[in-house]
Structures are given as C-alpha cells and as structure tokens.
Amino acid sequence: MKHFFVTLLAVTSALIGMAGNNRVIVEDFEIMGDSALSVPVILVNEDPTRGFQFNITLPDGLDLEDCSIPKDVMDDFDMRFVCNYISQDSCYQIIIYPGFRICIEPGTLLAFYLHFIADSDFKGGKIKIWKCLGSTIDNETYPMDGCTVNVTVPTSSLIKVPVDTQPSDERYFNLMGQPLSSPASAPVAILVTTTPDGQHSSRKVSVRH
C-alpha cells in the first residue's frame, strides 16, 4: 500500500540548458530482508539551485516508507518536500524546495534521506534515480544527472548477528560526491557514517598534505 498522499502541482517553466556537473547521487547499499534502512541523497550542484526534484523507481520487494530532511538543511533553508506516487510510471516523484527565496550554493550537500523497508524475501535489485531537475532563483528548471543504485542483501552470516554487535559503516566522498578510498586522497572529504540501525551522520574532514 502506498503511504504518500501529499500532492504538488509543479511550476511549469522552460527547460534551460545549463551545462555543468549537477547530480543527484544515492550510493549502492545493503539491506536485510524484513528490515528498514535510511539512505542519504547527496546533491552535487555546480550551479546554484533553489531546489531539486527527481523520480525514483524501486525494485520488487523494496518499499519507500518515508522521507526526511537533515536538521541542518532544514534550519539553513527552511527546506520542505513533497512525495507523489505516479502510478502510470510506477515510481515516486520527490520535490525538495526552500520555504523562502534562496539558492543552495554550488557544492556537495547531504540533502535528504530515503527510508526504505525490505520484504522478508527481498533478493536485491536496482533503484533508478531519474528525471532529475534543479531550479534557478526564478523557478526555471535545468537538468541534473541521476544514477542507478545497486541494492544487495547481506551474506547469510550477517543476518543473525544482533544489531548492537554489527560494525558501523563509514564511507568518504570528495566535494563532488565521488567515493574515496581514503580521506588523504582529497584536501577536504565528507565522512558519512551509517550505524547498524540505519541512522546516518556526516561531517567534513580536512587533511593537511
């Protein structure tokens, strides 16, 4: 059963060809069957954007239960969102926008969380992030790149391990949202930590070379 019922009529505007490295990124992740997980959405924008939106198509057995905005993003931009289920495309449309006239400056931002629930017999699959759009201060839209996310199920040896004994997962990203093998490979890195219960935190890490 689809739980989202909020609707929004998007402002129709001319599609403008703003070339640049503007992307919406969700990293590959693992989720156990019959469990929930919160996954971060990273906005990488070379051009200022007032807000952004994307469609998300899910594999069988994985459901989008809820969404949320990190507190710092909420505080800085009075950020809000709507999530619509588009039945003809079997996907969700998510629109994220500020409560006042302001743009997110170019950079990398952990902007959003997707909260998933996997069925007990979920075997893995692919998530498609597509039809991504940014917005100018005057609400003119421009295209952003999406991505395909590989979702896997942990090996059977981990399924029976109590949550409080599982290790946290830590991953580093550069300011363009690309994964790093080590924070030493970039002057500034973003460390995203995922705890076994699906909670996420992030912080910038500076390395002196």
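Q: Where does S90 lie, and what makes S90 partly exposed in this predicted model?
A: In this predicted model, S90 lies in the loop between strand 6 and strand 7 (91–97).

Q: Why is D78 called partly exposed, and which loop holds D78?
A: The loop between helix 1 (71–77) and strand 6 (80–86) holds D78. D78 has a relative accessibility of 27%, and because buried requires a value under 20% and exposed a value over 50%, D78 counts as partly exposed. The phi of D78 is positive, about 50°, and D78 is not a glycine.

Q: What makes N84 a buried residue?
A: The relative accessibility of N84 is 9%, and the limit for buried is under 20%, so N84 counts as buried. N84 has its place in strand 6, and from C-alpha to C-alpha N84 and I94 are 6.5 Å apart in space while being ten residues apart in sequence.

Q: How do you know that R50 is buried, and what is R50 in contact with, leaving aside its neighbours within four places in sequence?
A: R50 has a relative accessible area of 17%, and since buried means under 20%, R50 is classed as buried. R50 is found in the loop between strand 3 (35–45) and strand 4 (52–57). Leaving aside neighbours within four places in sequence, its contacts include Y97, P98, F100, R101, I102 and C103, and also S135, T136, I137 and N139. For R50 and N139, the separation is 89 residues in sequence and 7.5 Å in space, C-alpha to C-alpha.

Q: What makes C103 and C132 buried?
A: C103 has a relative accessible area of 16% and C132 has a relative accessibility of 4%; because buried means under 20%, C103 is buried and C132 counts as buried. For the protein chain, buried residues make up 44% of the 209 residues.

Q: How many cavities of 30 Å³ or more are counted, and which residues line the largest cavity?
A: The count comes to one cavity of 30 Å³ or more, and about 40 Å³ of space lies in the largest cavity. The lining of the largest cavity consists of I42, T108, L109, L110, F173, I190 and V192. By class, this lining has six nonpolar residues, one polar residue and no charged residues.

Q: Which strands each supply at least two residues of the lining of the largest cavity, and which gives the most?
A: Strand 8 (107–118) and strand 14 (188–194) each supply at least two residues of the lining, and strand 8 gives the most, with three residues. The protein chain as a whole has two helices and 15 strands.

Note on methods: Residues numbered from 1 in each chain as written. Predicted model: local features only at pLDDT ≥ 70, side-chain atom pairs only at ≥ 80, totals over all residues. Heavy atoms only, no water. Buried < 20%, exposed > 50% of the residue type's maximum accessible area, 1.4 Å probe, protein only. 1 Å grid on protein atoms, 1.4 Å probe; cavity = no way out; pocket = protein on both sides within 12 Å on 5 of 7 lines; lining within 4 Å. Points joined across faces, edges and corners; volume = space filled by probe spheres on them. Helix = DSSP H or I, 4+ residues; strand = E, 2+ residues; numbered from the N terminus. Nonpolar A, V, L, I, M, F, W, Y, C, P; charged D, E, K, R; others polar. Contact = heavy atoms within 4.5 Å.
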